[in-house]
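Please open the structure in your viewer and keep the selection tool ready.

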Amino acid sequence: MRARDWDESDVRVRPGRRGSRPRTKQRPSHADAVAGLVTAVTRGRYDVLVGDRAVTAVAARELGRGGVVVGDEVAVVGDLTGRDGSLARIVRVQERRTLLRRSSEDVGGIERALVANADQLVVVTALADPEPRTRMVDRCLVAAFEAGMDALLCLTKADLADPAPFLEHYTPLDVPAVVTHRDAVDRSVILGAPEVAERLRGRTSVLVGHSGVGKSTLVNALVPTASRAVGHVNAVTGRGRHTSTTAVALALPDGGWVIDTPGVRSFGLGHVDDDDVVAAFADLAEVVTACPPRCTHLERAPGCALDAWLARPGSDAREAARVESLRRVLASRRPDPDAYPTSTP
Ligand SMILES: Nc1nc2c(ncn2[C@@H]2O[C@H](COP(=O)(O)OP(=O)(O)OP(=O)(O)O)[C@@H](O)[C@H]2O)c(=O)[nH]1
Ligand SMILES: [Zn+2]
């Protein structure tokens, strides 16, 4: 993620894996605009890194609500001094290489862009306290796939539980995993953090995870200057402290960025189509190529190849769990989920 120069061919597009359509609408040209990188968004104000200067900016009205997100490479005009009370204006958004989105619901709902131009989604899951949930991980993997990002599993609190059983769910997938745990003697030391740092080096990575999984602890280990609040849950709202900030990019000491998403607790998948859901389950995508046309792949779908696959000799419980997981994600996106019985997690 690097600010770069602008030229006349800069257009905004809404990336999609299946071809993107440039928006050709003419925008006022700002010859004096300079390139910057959006590192945080809080209530309509943007932190933009211009060179090595942190500038506060608003977005030009024609960019629309939510038209600028963390990770966006933008062009800014106005007061770029970065002094207290100074305000710059974002006038253009560079074409996005990836775009992580989420929907408020699984069916319809409001779709929101979350982070632009990130390379990988780091799904942070505790092995215990709170219990790991494949459901949450599976949904994140779908979101990452749709966004055009790689995924990395980060399993925390291995001092409390053995990672092997959970990892087994994901062995048929090509998703790398790293395991961390707190040192028994020096509790400030997070073992495994150097391996995570190695995976993040030089890349832009978005961290997502439920409250309490140790995400802030990990960010602090990766970015010593970050000082993310650990274990601070607001007694009134029950939520963390940074609820108004949806994402913030922190520079990694060895290059690259880690983007924390304190306000993000779930991934509604209303914006993802069924084909992308299936494709995100790479181990099952091949199986369903044998399905009848327009198969829903849901439970009791006539002739669904997933059933034949599970019924074959040698099929195991892990495969059954994977199929159930895929079906759960697919079913949750139906207009009437009750019409498609699925077991709850
Ligand atoms: N046993 C154990 N506890 C850990 C580990 N990492 C973090 N914790 C603890 O887990 C609790 C939650 O950690 P946080 O880093 O605040 O978790 P978070 O995911 O950022 O949670 P929010 O701040 O609510 O978003 C804290 O009490 C940490 O000290 C670990 O590896 N092992
Ligand atoms: Zn099917």
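**The core, the chain and the ligand**

Begin with the largest nonpolar core, which has 87 residues, Leu121 and Ile259 having the most contacts inside it. A nonpolar core is a set of buried Ala, Val, Leu, Ile, Met, Phe, Trp, Tyr and Cys residues joined through C-beta atoms within 7 Å; a residue is buried if 20 or more other C-beta atoms lie within 10 Å of its own, with C-beta atoms placed from the backbone. Next select helix 1, residues 134-147, which gives the most to this core, with 9 residues.

This is a predicted model: local features need pLDDT of at least 70, side-chain atom pairs count only at pLDDT 80 or more, and totals for chains, interfaces and linings use all residues. Residues are numbered from 1 along each chain as its sequence is written, while chains are lettered from A and ligands numbered from 1 in the order in which they are written.

Now select Ile259. Beyond its neighbours within four places in sequence, Ile259 is in contact (C-beta atoms within 7 Å) with residues including Val70, Val115, Leu207 and Ala249.

Show the whole chain next. The chain contains 8 helices and 15 strands, which are DSSP runs (helices: H or I, at least four residues; strands: E, at least two) numbered from the N terminus. Of its 345 residues, 40% are buried.

Finally, select ligand 1. Which residues are closest to ligand 1? They are Ser211, Gly214, Lys215, Ser216 and Thr217, among 20 that surround it (C-beta atom within 6 Å). Strand 11 (181-182) and helix 4 (215-222) each give two or more residues to this shell, and helix 4 provides the largest share, 3 residues.

How values were computed
A residue is buried if 20 or more other C-beta atoms lie within 10 Å of its own, exposed if 12 or fewer, and partly exposed in between; C-beta atoms are placed from the backbone. Two residues are in contact if their C-beta atoms, placed from the backbone, lie within 7 Å.
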